[in-house]
Amino acid sequence: MAYAIFGSMIVLLLIGFPMMIPLLMGALIGFIALFGGFGQLDTMVQQILAGIRPASLIAVPMFIFAADIMTRGQSANRLIDLVMAFVGHIRGGLAISTATACTLFGAVSGSTQATVVAVGGPLRPRMLKAGYNDSFVLALIINASDIAFLIPPSIGMIIYGVVSGTSISELFIAGIGPGLLILVLFSIYSYIYALRNNVPTEPKASWAERVAALRRALWPLGFPLIIVGGIYGGIFSPTEAAAACVLYALFLEMVVFREMNLRQLYQTAKSTGLITAVVFILVGAGAAFSYVISFAQIPQAILGGIGIDSMGPYGVLFTISIAFFIGCMFVDPIVVILILVPIFAPVVNSVGLDPVLVGTIITLQVAIGSATPPFGCDIFTAIAIFKRPYAEVVRGTPPFIIMLLGVSVALIFFPQIALFLRDLAFAK
Amino acid sequence: DTWRYAFEEAMEEVQGKYAQKFKEEVEANSDHEVQLFPFGTLGESADIMEQAQSGILQFVDQSPGFTGALIPEAQVFFVPYLLPADQDQLVSFFRNSKAIHELFPPLYAEQGLELLTMFPEGEVMMTTTEAVASPEDLNEVKFRVMTNPLLVESYKAFGATPTPLPWGEVYGALQTGIIQGQENPAFFIESTKMYEVTDHLTRAGHNNFTTAVMANKEFFDGLSDEDKTVIQNATAAAFDYIIEYQTGLTEESVEKIQAAKPEMTVTTLTEEQRAPFKATAEAVEAKFLEIGGSQAQAILDQMKADLAAAAGG
Amino acid sequence: MTLHDKPAAIPEMISATDDDIDDSRYVSGLPGPLGVIDVVIARIEAVLLALGVLLMALNTMANVVGRYLLGESIFFSEELNQALIILITFAGISYAARHGRHIRMSAFFDAAPFPLRKTMMVAIAAITAAMMFLLSWYSFDYLMAQMGRGRLLPALQIPQWWIIVWVPLGFLLTGLQYALTAIKNLIDRDVWLSTSVIEGYDDSTEEEV
Ligand code: NA
Ligand code: NA
């Protein structure tokens with residue numbers, strides 16, 4: 001049954017159905033098969049609602065809203081002008097800055113989707129203007145956003161820590177090394193890309209120009225202050241920081257810069273609502289589909305037959321990586337962690353793997369999975385926000401996915417990438 | 001047949017241990033298979049409860065605090081200092097309580113559920129960033145509680161600022177300082193690593209976390225007498241097992257916490273220190289009578305009678 | 001994905017405001033009084049979307065203000081946000097269907113010859129409509145079950161079904177949009193993505209009729 005469901009989902013997707021249909025159809029076939037008819041479709045509806053209900057998802061529409069206000073007004077441009085005054089003359093500087101911004105923003109917000117929106121929204125038009133190809137830009141934004149999973153706070157690591165009984169503090173620290181390594185790789189790739197595609201550089205800005213850019217950006221610099229200071233300073237939860245950004249953006253654009261009137265506010269709010277709905281119905285449909293997979297115990301069935309108990313540590317790590325990678329291609333990452341971690345826990349213990357290393361590798365796979373076709377949530381967020389075709393959004397992703405997979409293989413053979421900082425901090 | 005059983009905790013936590021024993025007993029004494037679904041694999045607490053009501057799941061474990069949204073009387077378990085701190089009295093109460101065995105089942109039946117058993121999961125403790133010895137120490141402390149009106153009332157009465165937060169955000173919020181405290185049974189504080197982001201563990205003895213196992217009523221009523229007996233025996237065996245399992249679990253969890261974080265202070269409040277906390281119970285009791293549904297008074301009175309009996313026996 | 005889509009829009013043309021939907025220019029594909037009703041519904045959906053988002057921002061900030069300035073959290077804040085996100089999602093899926101904004105992978109579709117595209121669009125719209133009607137029915141069923149159970153929202157202490165009343169309605173209206181799209185594709189010679197949008201991903205080729 002599992003293969004029939006996965007197969008029909010991919011066919012429906014390729015034919016050109018609205019993307020919610022393959023997911024809903026997968027769930028529907030599953031419910032009918034599991035319960036012998038339409039009798040339990042109430043629960044399918046329940047699961048759709050359960051998917052869109054989590055409180056932490058509220059950060060997504062809030063960051064969409066804030067980013068839209070900033071982009072329509074002056075805040076976003078003034079901030080980017082400031083960055084460009086410092087890096088505009090460097091080959092690939094804008095791309096590297098974008099990757100860095102995604103990492104920083106993702107780190108604090110904890111949401112990859114919010115990062116796609118909040119950083120990608122304002123920076124994509126500038127990158128296109130600067131001469132980068134759209135597929136490269138989209139792939140860079142989507143994949144750099146995923147570093148958010150690895151850098152604390154990370155909801156994926158918290159869930160893993162709870163399910164596997166691993167120290168969450170140690171996991172948080174172990175994620176930093178691989179996260180930064182990925183950022184470095186992406187930066188190098190951006191530099192090479194810019195070099196090979198002759199992306200023009202801007203003349204180096206003088207210090208006077210830089211000071212002028214800084215002055216223009218003084219008000220908008222409140223945003224990083226609200227997000228970074230507010231969250232790490234213990235004033236806001238990420239969701240609240242998002243709402244604070246909305247109000248601050250409204251204050252700047254309606255009162256300080258006077259770029260936005262009430263009518264535009266209405267249009268912006270409506271547009272945010274529309275994008276939110278289009279993304280959230282997919283999240284809900286994905287949750288209903290995840291339920292079928294979980295209820296039918298499909299992962300247990302598949303993994304039961306491959307003899308993981310007789311593998312050595314490397315075999316186990318590879319199997320875990322592949323299982324999570326494939327799982328996250330179709331199913332919500334949190335659910336994948338909840339289902340798969342207990343299945344692997346006994347064998348992880350018996351071959352003596354460090355659960356912190358396993359957690360880091362799993363978190364990385366989850367990050368990769370959510371940026372990977374066919375059903376990565378970052379992909380459909382990018383499609384909804386940027387209104388670009390599916391094929392174009394995913395076309396540029398292979399080099400990034402190869403780099404990410406490279407890091408996961410490196411982690412398996414050189415665990416110190418993750419564990420070095422942990423051992424240092426916890427004196428192990 | 002394959003019977004499905006979902007619960008609110010991970011496999012190796014108390015509800016999971018109970019479920020594993022229940023599964024073992026059923027499978028040993030019948031041809032039925034029991035599939036277990038831990039926390040989150042089929043949705044949150046309210047979701048699995050609804051699935052048990054609609055018959056997708058045959059068994060579900062939900063704590064009365066959550067069931068309070070459906071059966072308001074179940075919130076009685078959040079009235080502070082109602083349950084005894086003494087373990088023997090507590091066990092005797094759960095074994096013999098007329099409230100649990102006679103008054104609650106019809107209330108669950110109205111919701112399409114057969115109440116199989118209720119059992120304690122362990123003493124609820126506070127973990128905070130500042131030491132707590134009196135209600136004054138909780139002043140201005142933003143304390144995370146489950147969204148339940150009685151818990152909110154309790155912590156308001158204790159002097160704290162009760163702050164609702166989704167469970168997934170609690171660890172991060174303690175780390176950054178949005179909140180400064182939370183409460184849970186010791187095993188849960190240990191397994192969810194709450195001690196990593198707080199510095200003081202306080203035992204005020206105000207409650208023992210209770211949970212309930214139920215079956216879908218239509219399913220249960222449709223079973224042969226033989227199968228019903230299998231389930232009842234498995235329920236009883238798992239109850240005995242979980243009581244046994246818990247002997248020392250609380251102290252063990254506290255020791256694990258101290259081993260993992262030696263600088264964590266553990267304070268058991270004296271009777272004298274508990275007095276001002278206990279004084280607040282009356283206000284919460286009044287709140288329970290107000291929002292606890294039509295049977296609130298009857299349940300509370302019976303509970304008190306049962307508890308007096310447990311203390312006497 | 002080896003097939004190429006339409007070339008990217010010229011960068012200078014990309015800005016958020018280009019994508020705004022002007023509701024006053026929305027013309028229903030339905031005749032007579034049905035058309036009037038449709039236009040009114042479209043407008044209500046738009047207002048609900050905007051209000052939902054604004055209320056969500058205010059509610060979340062009010063909770064922060066309450067916590068720091070008044071020393072009191074707003075207990076129902078999270079439940080109110082849940083209600084709003086359900087409202088936004090289910091008002092929005094219908095609005096998105098109306099304006100052809102649901103996400104789809106159109107690479108193969110776009111490469112197909114015209115008659116095949118037309119046939120596919122009829123099938124896609126009809127099957128999507130059927131799925132939406134099915135879910136509308138079962139979400140109504142779920143709504144009724146929740147009413148019967150009488151579950152309360154713990155903080156607000158109001159029945160939980162109040163916040164899900166939009167669900168069957170949202171699926172129903174979305175189903176109607178797709179059903180009408182199927183019909184429009186059958187009777188009109190063009191390929192329609194929704195009743196008001198001619199097929200094509202790039203906004204520059206979309207026409208609001
Ligand atoms: Na993060
Ligand atoms: Na994915």
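**Exercise 1. Chain C against chain A**

In this predicted model, the side chains of C:Arg67 and A:Glu240 meet in a salt bridge, with 2.9 Å from N to O.

Task: Describe the interface of chain C and chain A, beginning with the salt bridge rule.

Solution. 
Step 1. The rule asks for a Lys or Arg nitrogen within 4 Å of an Asp or Glu carboxyl oxygen; the pair C:Arg67 and A:Glu240, at 2.9 Å, is a salt bridge. Across this interface two salt bridges are found, together with nine residue pairs in polar contact, both residues being at pLDDT 80 or more.

Step 2. Next, locate the elements. On the side of chain C that touches chain A, two or more residues come from each of α1 (32-69), α2 (77-98), α3 (107-111), α4 (114-149) and α5 (166-187) of chain C. The largest share, 15 residues, belongs to α1(C).

Step 3. Sort that side of chain C by class: 49 residues are nonpolar, 11 polar and 13 charged.

Step 4. Finally, consider extent. Chain C gives 73 residues to the contact and chain A gives 68 residues. The buried area is about 6300 Å², and carbon and sulfur atoms give 75% of it.

**Exercise 2. Chain A against chain B**

Solution. 
Step 1. About 2500 Å² is buried between the two chains, 57% of it on carbon and sulfur atoms. Within chain A, the residues that lose the most area to chain B are A:Gln46, A:Val162 and A:Phe295, together 20% of what that side buries.

Step 2. Two salt bridges are counted between chain A and chain B. A:Arg53 and B:Glu44 form a salt bridge through their side chains, at 3.9 Å from N to O. There are also 14 residue pairs in polar contact.

**Exercise 3. Annotated spans of chain C**

Task: Which residues of chain C does UniProt place in the feature "transmembrane region"?

Solution. 
Step 1. The unreviewed UniProt entry places this feature at residues 46-68, 80-98, 119-140 and 160-180 of chain C.

Step 2. Residues 119-140 of chain C are 100% helix, and their end C-alpha atoms lie 32 Å apart.

Step 3. Residues 160-180 of chain C are 71% helix and 0% strand, with end C-alpha atoms 33 Å apart.

Note on methods. Residues are numbered from 1 along each chain as its sequence is written. Chains are lettered from A and ligands numbered from 1 in the order in which they are written. This is a predicted model: local features need pLDDT of at least 70, side-chain atom pairs count only at pLDDT 80 or more; totals for chains, interfaces and linings use all residues. Side-chain values use heavy atoms; hydrogens and water are left out. Contact means heavy atoms within 4.5 Å. Buried area is the accessible area (1.4 Å probe) that two parts lose on being put together, summed over both. A polar contact is a pair of N or O atoms within 3.5 Å; within protein, one must be able to donate a hydrogen and the other to accept it, and residues adjacent in sequence count only if both atoms are side-chain atoms. Helices (H or I, at least four residues) and strands (E, at least two) are DSSP runs, numbered from the N terminus. Ala, Val, Leu, Ile, Met, Phe, Trp, Tyr, Cys and Pro count as nonpolar, Asp, Glu, Lys and Arg as charged, and the others, Gly among them, as polar. UniProt positions are given in the numbering used here, feature names are shortened, and annotations may be inferred rather than shown by experiment.
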